[in-house]
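I opened my notebook to look up a few features of this structure, one entry at a time. The sequence and the model come just below, and my notes follow.

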Amino acid sequence: MPLLTLHSVKKSFLTPTGERKVIVDIPHFAIEAGEQCALRGESGSGKTTFLHLIAGILSADEGSILIGNQDMAKLAESKRDRLRAESLGYIFQTFNLLQGYTCLENVLLGMSFGPGSDKKRATEVLERVGLGHRLNHYPRQLSTGQQQRVAVARALANRPKLILADEPTGNLDPSNSRESLTLIRDTCKETGASLLLVSHDPHVLSTFQSVQDFSRLNQVVQETAQ
Amino acid sequence: MSLFHIVLRNLRQHLLSTVITALSIALAGGLLMSIWIVKQQSQETFTRVNIGFDAVLGARGSKLQLVLNSIFHLEASPGNLNQTDYDYIRHHPTVKRSIPIAVGDNLKGFRIVGTLPQLFTDIEYAPHHTFSLSQGKLFDPNKKEAILGSFAAEQLNIKVGDTFHPFHGLAYDPRNQHPEEYTVTGILRASNTPADKVIWIPLHGLQTMGGHDPKAANDISAVLIQLRSPTSGFILDLMYNKQGNRLTFAWPIGAIVADLFGKIGWFDKVLTLIAYLVALVSAAGVLVAIYNSMAARGRDIAILRALGAHRRTILGTIVLEAATIGTLGMLAAFVFHFAIMATVGTIIRTQTGVLLNVWSCDRVMIWAPLAMISLCALGGLVPALKAYRADIASNLAPIS
């Protein structure tokens with residue numbers, strides 16, 4: 001049974017002129033447990049909206065988003081929050097670390113909304129990403145690559161079933177990009193988490209066996225392309 | 001990581017606005033508590049101060065002026081009464097004890113009051129408390145000797161054995177020095193009554209001071225009276241105030257002072273209103289401070305939500321943050337309160353000799369902080385609702 005299954009998922013937004021514009025229209029998409037899948041997509045193609053729908057940050061207009069046996073699309077917002085905190089890890093292109101919190105606190109904060117803060121576990125994951133000596137440093141005291149590692153540690157801390165990564169190397173130089181990608185993929189393997197990564201970087205995509213084209217997956221994009 | 005930990009981090013991140021807002025709350029809370037307690041205490045203390053007497057007999061005039069002049073040593077004397085009047089009241093069957101006083105001179109602004117030594121030996125200024133000397137001995141009624149209230153001695157830096165020349169009038173004017181020289185024989189122990197700020201000399205000494213009208217050498221300013229029973233007051237009130245028209249019988253002293261507080265009640269209400277307004281403005285300050293920081297922290301809130309924080313968690317965090325600012329402010333308010341109380345207490349002590357209990361506790365110290373913290377939490381609700389409704393996705397968008 002797939003870990004993540006999407007059926008007929010649609011999401012639209014109101015334009016400033018009052019028209020409703022469909023951004024995402026996915027007939028079917030699935031990821032198996034432990035699978036690492038990459039989605040190729042250009043900027044503005046709706047792939048971030050797609051990830052937000054899976055994470056329950058946005059609610060779908062219709063369709064189902066099954067994570068395990070729970071349908072994210074049908075859950076009330078507070079239950080979506082809970083499911084996101086417990087079962088998903090999200091790595092953002094801009095890392096989205098809280099600047100007023102240390103590395104350790106950023107990880108602990110992520111855990112506090114899920115199973116609960118566990119300092120030992122938070123320290124472990126930070127050590128795993130090579131930041132054991134930077135636990136009490138603030139994001140501004142870290143390099144971009146190190147900030148990305150904190151974001152990876154935060155996403156992994158709750159032992160999620162699924163990691164969503166939105167252009168995780170988009171802000172990194174080639175060397176950091178390679179390192180970071182390896183880290184994300186390796187740690188996902190170690191924890192058995194599935195990985196859904198979206199990127200438009202050919203170097204990143206070339207490292208994946210399973211790469212899907214988001215413009216083929218998303219019916220809206222296909223229509224626009226035609 | 002608890003909700004409170006997040007709140008403390010937010011406060012630290014916006015430290016300057018947190019401190020300024022908390023200080024404004026502290027000022028409002030301190031002011032509110034001080035006004036309340038000064039009002040309560042001064043009313044209680046002043047209506048209780050009678051230095052052991054039930055009534056005052058003086059020249060025809062205002063009862064309040066008579067009490068303020070002869071008990072609190074404030075205001076001018078409404079006039080004199082003669083020896084016959086004094087002899088009459090002294091021997092009246094309803095009067096238990098009577099002590100005459102004469103005023104009209106000062107030493108560097110501190111009043112010199114002429115009286116009998118019995119004031120210090122026979123009278124309990126408060127239940128089970130008689131005046132006592134911390135140094136020296138009482139004045140001899142037939143000599144040019146003086147004893148000083150503790151506050152007057154401290155302020156004038158006068159010791160036993162020192163001498164001084166009185167000055168004519170109640171206000172100090174160096175040109176009005178009397179030729180007589182008085183020797184200080186004793187310093188009174190602090191009684192926390194207006195007697196502490198007075199220089200006491202023999203009655204005869206003040207009556208016959210050089211420059212005073214020789215015809216009035218036997219006149220006195222007022223007679224302090226202890227009654228045999230409460231009904232005695234009605235008899236003398238009828239005799240002097242209702243049937244007579246020459247003298248004023250001020251009785252009961254506490255009720256006359258309470259009447260003063262009744263008359264200046266509007267002032268107290270204005271002060272309380274100002275304190276309430278300051279409290280409201282401070283709570284609005286909390287609202288504005290947090291509301292203004294919402295734009296800056298929109299992204300942080302979105303991140304928390306993306307990590308799984310519920311809307312109500314965010315709402316709770318902001319309300320708790322506002323309440324915490326209120327709590328910090330009210331903790332500091334106690335410092336302000338005691339500073340205000342110490343200042344006001346010193347002023348009241350200097351002006352009246354009456355000592356307020358700066359450290360006293362009152363119920364306002366419970367309800368004012370609770371009300372202020374609730375008001376702040378209420379103020380925090382507005383930005384909290386804004387945060388509650390904030391859209392996560394748009395706030396998470398990469399900053400270009």
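**Salt bridges**

I looked up the salt bridges to begin with, and the structure holds 24 of them over all chains, where a salt bridge is a side-chain nitrogen of Lys or Arg within 4 Å of a carboxyl oxygen of Asp or Glu. I must keep in mind that this is a predicted model, in which local features need pLDDT of at least 70 and side-chain atom pairs count only at pLDDT 80 or more, while totals for chains, interfaces and linings use all residues. I also noted that residues are numbered from 1 along each chain as its sequence is written, that chains are lettered from A and ligands numbered from 1 in the order in which they are written, and that side-chain values use heavy atoms, with hydrogens and water left out.

I then turned to Glu77(A), which forms a salt bridge with Arg305(B), the closest N and O atoms being 3.2 Å apart. Glu77(A) lies in helix H2 (residues 77–87) of chain A and Arg305(B) in helix H10 of chain B, so the pair joins two chains; helices here are DSSP runs of H or I with at least four residues, strands are runs of E with at least two, and both are numbered from the N terminus. Glu77(A) counts as partly exposed at 27% relative accessibility, whereas Arg305(B) counts as buried at 3%. For these words I use the cut-offs of under 20% relative accessible area for buried, over 50% for exposed, and in between for partly exposed (1.4 Å probe, protein chains only).

Next I examined a pair within chain A, where Arg128(A) forms a salt bridge with Glu190(A), with 2.6 Å between the closest N and O atoms. This pair links distant parts of the chain, since Arg128(A) is in helix H4 (residues 119–128) and Glu190(A) in helix H6 (residues 174–191), 62 residues apart. Arg128(A) itself is partly exposed, with a relative accessible area of 36%.

Asp85(B) lies in helix H4 (residues 83–90) of chain B and Arg246(B) in the loop between H8 and strand S13 (247–250), so the pair ties together parts that are 161 residues apart in sequence. Asp85(B) is buried, its relative accessible area being 9%.

**Where the chains meet**

How much area do chain B and chain A bury between them? I read off about 2200 Å², 59% of it on carbon and sulfur atoms, buried area being the accessible area (1.4 Å probe) that two parts lose on being put together, summed over both. In chain B, Met1(B), Arg9(B) and Leu307(B) lose the most area to chain A, together 30% of what that side buries. The contact takes 24 residues from chain B and 27 residues from chain A, with contact meaning heavy atoms within 4.5 Å.

Across this interface the rule finds four salt bridges. I noted that Glu77(A) also meets Arg311(B) in a salt bridge, at 2.4 Å from N to O. Salt bridges that share partners join Glu77(A), Asp81(A), Arg84(A), Arg305(B) and Arg311(B) into one network.

I also looked up Arg82(A), which is found in helix H2 of chain A and is partly exposed, with a relative accessible area of 39%. Leaving aside neighbours within four places in sequence, Arg82(A) is in contact with Phe113(A), Gly114(A) and His310(B). Arg82(A) and Gly114(A) are 32 residues apart in sequence, and 6.7 Å separate their C-alpha atoms in space.

**A covered helix and the cysteines**

Is helix H1 (residues 47–55) of chain A mostly covered or mostly exposed? I found it mostly covered, with eight of its nine residues buried, among them Phe50(A), Leu51(A) and Ile54(A). Gly56(A) follows H1(A), and its phi is positive, near 80°.

Cys103(A) is in no disulfide, and the nearest cysteine sulfur, that of Cys188(A), is 20 Å away. Cys103(A) is buried, with a relative accessible area of 2%, and Cys376(B) is buried at 0%.

Key: Disulfide = S-S within 2.5 Å.
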